[in-house]
Structures are given as C-alpha cells and as structure tokens.
Amino acid sequence: MAMRKGLATKAGNKLVITSVAFQDHITRSLLHPNFSLSDPLLRCKRKVHRKKVEERYHQTQDLQEEREYVLDSAPPPLTLAQKLGLVAFPAGRLTEDEWTQVKARSVQQGDSAQPCAICREEFCLQPQVLLSCSHVFHRACLQAFERFSGRKCCPMCRKEQYETRLIHDAARLFRHQCATRIQACWRGYIARKSYRKLRKTICPKDKQLRRKFFEAKLQELNDSFVRYCHTDTEAFLSDINRSLSSSRRVFQQLERKHVSEPQESDWDRIQSQVIQRGGLDCPICLAALYSPSPITEAGTSSNQQHRCTVLLSCSHLFHQICLESFEAFSIESRPSCPLCRSVYHKKLI
C-alpha cells in the first residue's frame, strides 16, 4: 500500500508539474510579450512607453544612416515545458546569410513595390520591416496587429515566432521614383523652352503658321521701334526728312563738282552720238527738231523755222524754248536733264 501511495503521489506531482509547465509555456510564448497576468496595465504601459522612446531614437538613426538591423531582442529563456522536453525547442536565430536569402525572396516577389498588406497604403519613407517568412509590412502596422491579436504571428502566412528586420528597400524605390519624376518634369521644361525658341527663330512651312510667324515678327519690330524712338513721332519724322534733304544737297554738290564743261572735241563726239542715235523729235514738246538753216519748205510756219536746237553734254537734243521753259519751272538751282536726270552743259546748234 505504501508503494502504491508513493507511486500515486509521484504521478500526481508529475501531472501537476506538467500542467504548470504547459501553462507557463502558453503564458510566455503564445500570448503577446507585453501581456502580463499579474499587473497587465502597469507593466504593459511601461514597456510600450519604453519601446516608443527606443523606436523614435532608432527611426532618427535609421534616417541618417539607413542601416538594416534585427529588431528582436535577445531570445527569451526556455520555458519549463521546453526544458522538460514537452515542447520542441525554438528555432535558432537567423544568420546574416539567411537574412540575405530571405530578403532576396522578398525582392523577387516585389513586396516592397506593392502596398502594405495591412493598411493597403504605399510604404513611401515610413519604417518598413521584413519578417523571417519574407513578408514586408509597415513597422507601425505590424505592431498594431500584434497588440490587437494578442499573439505574434505573420498576418499573411500565420507563421508564429518570427523574427523582424528593419529594411529600407521601399524608401529607396520611393526616392528613385521621385527623382525620376523631377527629372522628367525638368526635361519637359527644357524641351518646351527650346521649342518656343525654335518657333521664334525658324519659319514654319504651313501657310497659316507662316502668316502668324511673320505677323509676330512685324509686331515685335513695331514694338521695338516705338519703344526706342522719340516720344514725339512728328518731330522724329521731321528730323529724318531734314537729314535726307541735307544728304541730297551734299550729293548734288559733289556731282556738280565732278561735271566739267566739255571741250570742242567732246562736242564733236557728242554730236556724232546724236547723229548715230537719230533722234528727230523734241522730248519735251514732241515736235520735230529743225536746224536753224535758211532752207525752208513750202507750207511751214515761221515759228517752226526759227526754233533753235540745243545740244546737251549728255547727248540729248531739245528745243531751246522748251528747255528754257523746263528750267524756269524747275525748283533746283541747277536743273538736270529731263531724260537722264544728270547735270549738263548745253550748246546751241
């Protein structure tokens, strides 16, 4: 009887130890790490505040350095159930090579380029965590999910007791996209600016566009003329007229100085040119030219018989009366030839 009682007592003690070991394992492993049965509110608040301070510090350091590191603290001690062999030992911590393989799977799946699976928003520059199961979430979203569910499991594959690592792949992609957009906007601005310059300098081939192009050029010239000329337009035009008249007088004086009176041999040469050309009418009155010889024909008037002919140094012939009338009506001090407008010397023939 004593042996039976001893065996029963040992079996009862073993059962009690086993139940306590399982309860301890459930409390420490399956529930949220911040959850406490003794004083849940006080201890939870203290740990949450401490974690917030640490997160802010780490976020500042991460933005400055963009380093990647594991967020999980040291592995918790083994529970009584694990020590007794009732529950399997937890898996060891991932090495750096294993984290590299996990990140390669995540990059291959393109998780960082997609929205967060919890909040369905883009990662942008917000802190991003990679789980040991190769899934990616916002750090704040994952923490909120763990607090809400009360246990530590992946929201996608439901894997428990995962490890988390802070990464910056989404932030790099977001910066690259922003830089691409900025460069595209700048290149577009430069292209539009150069196109406007080309439109102002190169004439288009289309008729309507050519017309608009020349209208714009003419308007630009008019605006520049009005902007740079004097305010009194009438006085400005009067100055131009005076300048033209003074220039014309200078050129006339120079032309008169260069014209010399022909010699007798020059008059003979000029007269031979007239004979070769064969002019028979006066260019002013359009009447026939008659020489002052005494030979007359029947039926001719005495006025036509006594009209004298004048030979100019430019080899043109006129009636003397017609040329004197032309000179009387001319406003110039020294009139020019009615035909070639050159200064002349005249000889009566």
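Modeller: Helices are DSSP runs of H or I with at least four residues, numbered from the N terminus. The model under discussion is predicted. In this chain, Tyr189 lies in helix α6, residues 169-201.

Biologist: How many helices and strands does the chain have?

Modeller: The chain has 11 helices and seven strands.

Biologist: Why is Tyr189 called partly exposed?

Modeller: Its relative accessibility is 37%. Buried requires under 20% and exposed requires over 50%, so Tyr189, at 37%, counts as partly exposed.

Biologist: Which residues make the nonpolar surface patch of about 320 Å²?

Modeller: Trp186, Tyr189 and Ile190 make this patch. A patch residue needs over 30% relative accessible area, and Tyr189 passes that cut-off with 37%.

Biologist: Why is Arg120 called exposed?

Modeller: The relative accessible area of Arg120 is 57%. The term applies over 50%, and therefore Arg120 is exposed. Arg120 is found in the loop between α4 (96-109) and β2 (128-131). Although Arg120 is not a glycine, it has a positive phi of about 60°.

Biologist: Why is Ser134 called buried?

Modeller: Ser134 has a relative accessibility of 4%. Buried means under 20%, so Ser134 counts as buried. Ser134 sits in the loop between β2 and β3 (136-138), and its phi is positive, about 75°, although Ser134 is not a glycine.

Biologist: In what order do the four strands form the open sheet?

Modeller: The order is β1-β4-β2-β3, with antiparallel pairing. β1 (69-70) and β3 stand at the edges because each has a single partner strand, which leaves one side of each without a neighbour in the sheet.

Biologist: Which helix lies across β1, β2, β3 and β4?

Modeller: Helix α5, residues 139-149, lies across these strands, with β4 spanning 164-167. The helix runs at about 90° to β3.

Biologist: What share of the chain counts as buried, and what supplies the exposed area?

Modeller: Of the 349 residues, 23% count as buried. The chain exposes about 25,600 Å², of which carbon and sulfur atoms supply 58%.

Terms used:
Residues numbered from 1 in each chain as written. Predicted model: local features only at pLDDT ≥ 70, side-chain atom pairs only at ≥ 80, totals over all residues. Heavy atoms only, no water. Patch = residues over 30% accessible without salt bridge, like charges linked within 9 Å, V, L, I, M, F, W, Y side chains within 5 Å. Areas by Shrake-Rupley, 256 points an atom, 1.4 Å probe, with all protein chains shown as cover. Salt bridge = Lys/Arg side-chain N within 4 Å of Asp/Glu carboxyl O. Helix = DSSP H or I, 4+ residues; strand = E, 2+ residues; numbered from the N terminus. Buried < 20%, exposed > 50% of the residue type's maximum accessible area, 1.4 Å probe, protein only. Pairing = 2+ DSSP bridges. Contact = heavy atoms within 4.5 Å. Axes fitted to C-alpha atoms, helices over the stretch in contact; angles between N-to-C directions.
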